[in-house]
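Hi everyone, thanks for making time for this.

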Amino acid sequence: MEFKQVVGRRRSIRFFEPDKQVEREKVQTILEAARLASCAVNAQWLRAIVVERDKLPKEKLDQLKTPVAALTLDLAPLHIYFFCDLGIVNRIKGERLKELVDVGALAPTHGWSHKFVDDFVYPQILAPMTQNREGYLAAAIADCGGAAHMAMLTAFDEGLGACMNTPNPGLVKGVFGVPDDWVPLWVLLVGYPAESWEAGGQRPRPPFEELYFEGEYGTPFKRDEKVVERLKDEGMIQAPAPLPGRQEEIRKLAERFGLPL
Amino acid sequence: MQTWLRGLREQWGEEPDDWEQRLRALAGFCAFAEKDPDTVIKECVRESEAGMRIRLKGRRFYNDKIAEWQASLPGDRPAQGRAGNAVRSFLIHNGIFLQSGMQT
């Protein structure tokens with residue numbers, strides 16, 4: 001699928017074919033994409049535990065089901081639990097930054113050297129940053145979000161549906177027995193959609209000019225309608241929700257899966 | 001119950017054609033739980049400085065109670081699930097976010 005179509009087609013899928021398993025090669029492809037995401041100081045905070053729902057012991061699945069998450073966990077055959085490994089920065093101590101220097105991704109042209117990393121970046125910036133848990137957590141989680149989003153887009157590129165949810169962090173830590181310095185983040189629910197891929201249409205968003213500015217705050221970035229038309233042709237901007245028939249689709253899904261209306 | 005009815009109308013744009021069945025289900029559940037509908041909602045929320053909050057223990061209690069009630073009903077599982085879902089709908093349209101899994 002073309003990149004713009006992937007972006008245009010992505011929307012949170014909440015009804016999955018519960019018994020149609022996701023092929024292992026597609027799962028790997030999703031994880032490969034996450035690994036290649038842009039990452040500050042090349043630290044790679046994101047960790048993931050892939051769970052095939054039907055292979056998870058029933059008592060563990062039941063532990064994860066709460067009154068706010070029972071349905072999505074039931075419907076999605078594949079769960080990818082994402083974590084932030086907060087300990088990584090003090091374990092690698094700038095080594096992965098020096099790898100970037102070695103391969104020419106960071107060069108003296110931009111001020112980079114091994115000595116700068118050893119003498120300044122790690123001891124004076126990164127190590128102290130990890131002492132301020134709140135600020136460090138915000139930065140690391142933002143980084144993880146970019147990687148997790150790469151994973152999510154890749155799921156759509158592979159013809160799957162996906163939805164990012166926030167599980168109960170305490171339950172997730174307990175069920176998967178992760179190290180103490182792993183912070184539970186999100187679960188990416190993945191599967192083949194039971195709803196149409198349009199899922200009711202592209203979701204409403206605030207007006208473009210309300211979000212983006214040019215040069216200074218208060219000067220909206222002017223949206224060129226010709227560009228909008230091109231993006232419609234290329235599949236990035238699609239028919240907005242609600243599409244005709246969405247309510248009927250929800251009724252049918254509710255009937256099929258035994259859900260309240 | 002007015003909030004429930006209003007929520008159904010707003011969601012679906014029409015009068016629910018199974019309203020009487022829904023009311024019967026809710027009445028059956030309330031008798032089982034020995035609570036009236038307003039009390040069920042009240043026990044699922046609490047006031048806080050920031051406004052109304054969902055009371056997690058209350059929601060879990062009623063989530064489990066609905067499951068217990070529907071399992072006690074005659075009929076097959078889908079029929080039991082439909083009755084339970086009527087009560088879940090009552091909670092949902094009163095603002096109590098609830099997911100209880102597939103009732104099939």
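Predicted model: local features only at pLDDT ≥ 70, side-chain atom pairs only at ≥ 80, totals over all residues.

Residues are numbered from 1 along each chain as its sequence is written, chains are lettered from A and ligands numbered from 1 in the order in which they are written, and side-chain values use heavy atoms, with hydrogens and water left out.

Let's begin on the inside. In soluble globular proteins, nonpolar side chains tend to be buried together. A nonpolar core here is a set of buried Ala, Val, Leu, Ile, Met, Phe, Trp, Tyr and Cys residues joined through side-chain atoms within 4.5 Å. Buried means under 20% relative accessible area, exposed is over 50%, and partly exposed is in between, with a 1.4 Å probe and protein chains only.

So which residues touch the most other members of the largest nonpolar core? They are Trp45(A), Tyr81(A), Phe82(A), Phe176(A) and Val190(A), in a core of 71 residues. Helix H8 of chain A, residues 133–157, supplies the largest share of this core, with eleven residues. Helices, by the way, are DSSP runs of H or I with at least four residues, strands are E runs of at least two, and both are numbered from the N terminus. There's another core that lies apart from that one; it has 25 residues, among them Trp4(B), Ile41(B), Ile66(B) and Ala83(B).

Contact means heavy atoms within 4.5 Å. If you skip residues up to four places away in sequence, Phe82(A) touches a list that includes Leu46(A), Ala148(A), Met164(A) and Trp186(A).

Now find Thr29(A), in helix H2 of chain A, residues 24–35. Thr29(A) is partly exposed, at 30% relative accessible area. Leaving out neighbours within four places in sequence, Thr29(A) is in contact with Thr154(A) and Glu158(A).

Over in chain B, have a look at Tyr62(B), which sits in helix H4, residues 56–72. Is Tyr62(B) buried or exposed? It counts as buried, because its relative accessibility is 1%. Tyr62(B) is 21 residues from Ile41(B) in sequence, and their C-alpha atoms are 9.6 Å apart in space. Apart from neighbours within four places in sequence, its contacts include Phe29(B), Lys35(B) and Glu43(B).

Two of those bring us to charges. Side chains of opposite charge can pair when their charged atoms come close. The rule for a salt bridge is a side-chain nitrogen of Lys or Arg within 4 Å of a carboxyl oxygen of Asp or Glu. Over all chains, that gives 21 salt bridges. Glu43(B) and Lys35(B) form one of them, with the closest N and O atoms 3.1 Å apart. Glu43(B) is partly exposed at 28%, and Lys35(B) is partly exposed at 27%. There's also a network: Arg47(A), Asp85(A), Arg91(A) and Asp181(A) are joined by salt bridges that share partners.

In chain A, Asp62(A) bridges to Lys58(A), with the closest N and O atoms 2.5 Å apart. Both lie in helix H3, residues 58–64, four residues apart, which is about one turn of the helix. Asp62(A) is partly exposed at 34%, whereas Lys58(A) counts as exposed at 58%.

How do the chains meet? The contact takes 22 residues from chain B and 21 residues from chain A. Buried area is the accessible area (1.4 Å probe) that two parts lose on being put together, summed over both. For these chains that is about 1,700 Å², 57% of it on carbon and sulfur atoms. On the chain B side, Trp12(B), Gln99(B) and Met102(B) lose the most area, together 44% of what that side buries. The rule finds one salt bridge across this interface. Glu14(B) also pairs with Arg251(A) in a salt bridge, with the closest N and O atoms 3.1 Å apart.

Last stop, Tyr212(A), in the loop between helix H10 (208–211) and helix H11 (225–233) of chain A. Tyr212(A) is partly exposed, at 45% relative accessible area. That's it from me, so over to you!
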